[in-house]
Amino acid sequence: MLRRAEGVFAGAVARLRARLGLPAGAPSAPVDVRPVFHGFSPLVVPRPGDWPARAEVAGYWWPARPDGWQPAAELVDFLQADPPPVFIGFGSMAPGQGERLGELVAAAVERAGVRAVVQAGGPD
């Protein structure tokens, strides 16, 4: 199954390797020695005890900030105000559902009586 999946990602892998300056035709590692990195925090979801040693919980994957980046003053004010907001993020989940999910989140935030920072998962 992993060998078949490689074809699905071949184009993206080739572009990433070129962007990173890596050789184009580097051979794949044997399936049984590849690490698998999971992009979530073990503080939020503990690493399952029955996972193989090669399955690592690496923490969240955030894009690099441009040099000198500063958040907008409105965001800083919002984050510093009380009560502290909750964070709601979707990662790459449910592409094309931005409007529907936005309505659900707004209703849930209002019902819970909290303030929230919502991170969209894609271009929606």
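## Labels and the values behind them

Analyst: Happy to! Leaving out residues up to four places away in sequence, A116 touches F78, P85, V86, I88 and V109, where contact means heavy atoms within 4.5 Å. A word on the source: this is a predicted model, local features need pLDDT of at least 70, side-chain atom pairs count only at pLDDT 80 or more, and totals for chains, interfaces and linings use all residues. Residues are numbered from 1 along each chain as its sequence is written, and side-chain values use heavy atoms, with hydrogens and water left out.

User: Why is A116 called partly exposed?

Analyst: The relative accessibility of A116 is 21%. Buried means under 20%, exposed over 50%, and partly exposed in between, with a 1.4 Å probe and protein chains only. A116 therefore counts as partly exposed. This residue is found in strand β4, and its C-alpha is 4.7 Å from that of P85, although 31 residues separate A116 and P85 in sequence.

User: What makes A55 count as buried or exposed?

Analyst: A55 has 5% relative accessibility, so it counts as buried. A55 lies in strand β2; strands are DSSP runs of E with at least two residues, helices are runs of H or I with at least four, and both are numbered from the N terminus. Setting aside neighbours within four places in sequence, A55 is in contact with V36, H38 and R47.

User: How do you know that the buried residues of α3 line one face of the helix?

Analyst: Those buried residues are L101, V105 and V109. Seen down the axis of α3, they fall within an arc of 70°, so they line one face; the arc is that of the directions from the helix axis to the C-beta atoms. On the other side of α3, E99, E103, E110 and R111 are exposed. The cover over the buried residues of α3 includes β3 (86-89) and β4 (116-119).

User: How does the reach of helix α3 compare with what is expected?

Analyst: Helix α3 covers residues 98-112, and its 15 residues reach 21 Å from first C-alpha to last, close to the 21 Å expected at 1.5 Å a residue. The expected span is 1.5 Å times one less than the number of residues. Just after α3, G113 has a positive phi of about 70°.

User: Which residues form the nonpolar patch on the surface?

Analyst: L43, V44, V45, Y60, W62 and F87 do, with about 710 Å² of accessible area together. Y60 is partly exposed, because its relative accessible area is 41%, and it sits in the loop between β2 (55-57) and α2 (73-80). Patch residues have over 30% relative accessible area and no salt bridge; like charges are joined within 9 Å, and nonpolar side chains (Val, Leu, Ile, Met, Phe, Trp, Tyr) within 5 Å. A salt bridge is a side-chain nitrogen of Lys or Arg within 4 Å of a carboxyl oxygen of Asp or Glu.

User: Where does P83 lie, and what kind of peptide bond joins D82 and P83?

Analyst: P83 lies in the loop between α2 and β3. The bond joining D82 and P83 is cis, with omega about -10°.

User: What pattern does the protein chain follow along the sequence?

Analyst: The pattern reads α-β-β-α-β-α-β, from three helices and four strands. Of the 124 residues in the protein chain, 6% count as buried.

Note on methods
Areas by Shrake-Rupley, 256 points an atom, 1.4 Å probe, with all protein chains shown as cover.
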